[in-house]
Amino acid sequence: IRGFFQSVAGSGPVVLKNNIFHIENGNDGLKHCIYITSTAAQVISNNNVLSMQSTSGATNIGYFGTDYETLEDWQGAGFDSLSVDVDPVFINAQNNLTPQSVNIHEIGADLTDIVAEDIFGTVRSETPSPGAIEFEPADCLAPSGLSIDELTFNSAELSWTDNTTTGEMWLIE
């Protein structure tokens, strides 16, 4: 599974900016947010969300002659210095890919000269949100990745990903 796949060098640079590559597939296969097979390819990649949320199989942020498992490793190879590896927290990954994460809001590069509007016609700012949809993050984000780790007759051990910036207090109902 690959979010972006580049297999030829091409005649000029490929500019890959302001995108969201989010992989959460549970199969045991090989996964990459960005996969570049030709080390002669000129790829300028930055201001992206490289979200590897899958925990099974071989998970990698990038490939350029070798696998790069983490964003830090990928950045060390010269890619995506202004990109992040965080869950975009889509409203609904099945039918509403509007992100809600404050951690990706307005991290995009100014591309208004070539992408003036989002997919719904909303005017892009000089600091756009990555992806196809401009958004304002919710005041209180729901957690993601909720799981029950241990369940007994009268107790449950829960774990989740905190999608807020404070991580200090939760109300569980």
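**Exercises: a surface patch and an open sheet**

Leu-146 is exposed, with a relative accessible area of 60% (exposed means over 50%, buried under 20%, partly exposed in between, using a 1.4 Å probe and protein chains only). We're working on a predicted model, where local features need pLDDT of at least 70, side-chain atom pairs count only at pLDDT 80 or more, and totals for chains, interfaces and linings use all residues. Residues are numbered from 1 along each chain as its sequence is written, and side-chain values use heavy atoms, leaving out hydrogens and water.

**Exercise 1.** Find the nonpolar patch on the surface and say which strand gives the most to it.

*Solution.* 
- Start from Leu-146, which sits in strand S9 (strands are DSSP runs of E, at least two residues, numbered from the N terminus).
- Areas here are Shrake-Rupley values with a 1.4 Å probe; patch residues have over 30% relative accessible area and no salt bridge, and nonpolar side chains (Val, Leu, Ile, Met, Phe, Trp, Tyr) are joined within 5 Å.
- Now the strand: S9 (residues 144-151) gives the most, with three residues.

**Exercise 2.** Work out the strand order of the open four-stranded sheet, then trace the pairing around S7.

*Solution.* 
- The order reads S1-S4-S7-S8, with mixed pairing (two strands pair if DSSP finds at least two bridges between them).
- At the edges are S1 (2-6) and S8 (67-68), each pairing on one side only.
- On one side of S7 (residues 58-64), six bridges tie it to S4 (residues 30-36), and these two run parallel. Check His-32 opposite Asn-60 and Ile-36 opposite Phe-64.
- S7 and S8 run antiparallel, with two bridges; Gly-62 has Tyr-68 as its bridge partner.
- These two strands form a hairpin with two residues between them, and Gly-65 in the turn has a positive phi of about 85°.
- Five of the seven residues of S7 are buried, so this strand is largely enclosed by the rest of the structure.

**Exercise 3.** Lys-31 is buried: what is the nearest side chain of opposite charge, and how far away is it?

*Solution.* 
- The nearest opposite charge is Asp-28, 6.2 Å away, and Lys-31 has no salt bridge (a side-chain nitrogen of Lys or Arg within 4 Å of a carboxyl oxygen of Asp or Glu).
- Then look at the backbone: the Lys-31 side chain reaches the backbone oxygen of Ser-56 at 2.6 Å.

Methods
Patches are made of residues with over 30% relative accessible area and no salt bridge: like charges are joined within 9 Å, nonpolar side chains (Val, Leu, Ile, Met, Phe, Trp, Tyr) within 5 Å. Lys and Arg count as positive and Asp and Glu as negative; His and the chain ends are not counted. A polar contact is a pair of N or O atoms within 3.5 Å; within protein, one must be able to donate a hydrogen and the other to accept it, and residues adjacent in sequence count only if both atoms are side-chain atoms.
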